[in-house]
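Hi,

Here is the structure I promised to pass on. Have a look first, and then read on for what turned up in it.

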Amino acid sequence: MRASVEEAGALLARSDSAGCRRRSSSPVQTASPRPGSLRRQSWSFREDVGHAASETYLVSRLTFTLLQYLGLGYRWMSQLLSLTIYAILLMPGFTQVGYYYFFSSQVRRSVVYGDQPRNRLDLYIPEDNSRPCPVMAFVTFGAWIFGYKAWGALLGRRLAERGIIVACIDYRNFPQGTIGDMVHDASQGISFVCNNIASYGGDPNQIYLMGQSAGAHIAACALMEQAVKESGGHPVSWSVTQIKAYFGLSGGYNIHNLVDHFHERGLCRSIFLSIMEGEESLSRYSPEIVAKTSSAETIALLPLIVLMHGTEDYSIPSSARKSYDSTNLLALEFDKSNFPTAA
């Protein structure tokens with residue numbers, strides 16, 4: 001059954017109306033800091049520095065391992081250089097978001113949700129969480145290789161300003177892990193959100209799932225895998241029915257159709273197949289194929305699915321956005337003319 005655009009708009013409107021209202025500011029009383037408070041601040045700072053150092057070491061080690069896989073190919077090196085130049089040009093904007101990410105009291109960084117080094121998530125909490133807030137669990141982009149939870153900082157900031165809690169879920173990248181590890185990590189992160197978000201001021205009855213690019217693929221895989229388990233009577237730590245809607249941004253849902261595309265874009269076939277655990281696993285990690293071969297009971301568990309893709313997207317072509325047969329799906333395709341130009 002295909003949902004209408006009006007239904008999706010109404011769904012989002014309800015979330016917005018249920019958002020948290022701002023509290024009026026109250027006078028702030030100043031007091032001399034207590035010695036115990038200073039010790040706690042010092043300990044918290046040492047923890048942040050230690051965590052940053054451990055993550056830097058981990059990322060550096062994985063970068064060298066990844067270089068061994070990639071070799072010295074001209075194509076990917078030229079694209080990496082282009083990406084670096086692009087990032088430098090955007091540095092003024094990155095600096096503002098980075099300052100917010102590291103120094104805002106609304107950001108709870110690196111909340112642990114599992115036992116792996118990358119099993120962390122960032123929480124963006126609205127200033128006023130006196131009422132239970134809607135929640136968005138977000139799986140970030142990164143071509144399955146350089147995804148990181150901080151990539152969702154701008155989204156987290158903007159939604160938090162509108163009274164929505166955002167949980168940006170980190171996951172193992174290749175070569176630290178393959179697609180099965182990534183889906184497992186994302187599912188664990190979603191489970192943490194479903195079972196613990198109430199303690200952070202979130203409404204457990206208003207949880208939404210979103211993924212972008214590779215993150216959209218990973219999140220969709222986690223959603224389908226959970227639906228299959230749940231309909232089969234297997235024990236689960238979270239329920240698909242706890243998710244109000246899934247939003248897929250610029251994702252690929254039939255991996256069979258993307259192998260050659262990524263090879264032409266510089267992600268060579270052998271590495272991509274290694275990420276996807278071999279050609280024999282492509283169907284398993286193609287949510288579109290899984291949906292088509294699933295039972296009616298599995299499909300009935302799925303939430304509203306909204307897929308959005310830009311027609312000018314060349315990283316993953318808009319043709320990769322396919323309908324899931326028999327699901328409650330709204331597929332949207334955006335042309336460049338739909339987006340306002342920057343002021």
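In what follows, a helix is a DSSP run of H or I with at least four residues, and a strand is a run of E with at least two, both numbered from the N terminus. Counted that way, the chain has 11 helices and 8 strands. Please keep in mind that this is a predicted model.

Some overall values: 46% of the 343 residues are buried, and the accessible surface of the chain is about 18100 Å², with 56% of that belonging to carbon and sulfur atoms. Of the contacts between residues at least 6 apart in sequence, 76% join residues at least 24 apart.

Now to the charged pairs. The count of salt bridges comes to 10. One of them joins D170 and R118, at 2.9 Å from N to O. These two sit 52 residues apart, D170 in the loop between β4 (165-169) and α6 (179-196), and R118 in the loop between β1 (107-112) and β2 (120-124). D170 is buried at 0% relative accessibility, and R118 is buried as well, at 7%.

E288 and K292 also pair, with their closest N and O atoms 3.0 Å apart. Both belong to helix α10 (residues 287-292), and because they are 4 residues apart there, about one helical turn separates them. Here E288 is buried at 5%, whereas K292 is partly exposed at 45%.

The D260 and R269 salt bridge has its closest N and O atoms 2.5 Å apart; D260 is partly exposed at 44%, and R269 is partly exposed at 33%. Finally, salt bridges link R157, R158, E161 and R162 in a network.

Best wishes

Note on methods: Residues are numbered from 1 along each chain as its sequence is written. This is a predicted model: local features need pLDDT of at least 70, side-chain atom pairs count only at pLDDT 80 or more; totals for chains, interfaces and linings use all residues. Side-chain values use heavy atoms; hydrogens and water are left out. Buried means under 20% relative accessible area, exposed over 50%, partly exposed in between (1.4 Å probe, protein chains only). Contact means heavy atoms within 4.5 Å. Accessible areas come from the Shrake-Rupley method with a 1.4 Å probe; for residues, only the protein chains shown count as cover. A salt bridge is a side-chain nitrogen of Lys or Arg within 4 Å of a carboxyl oxygen of Asp or Glu.
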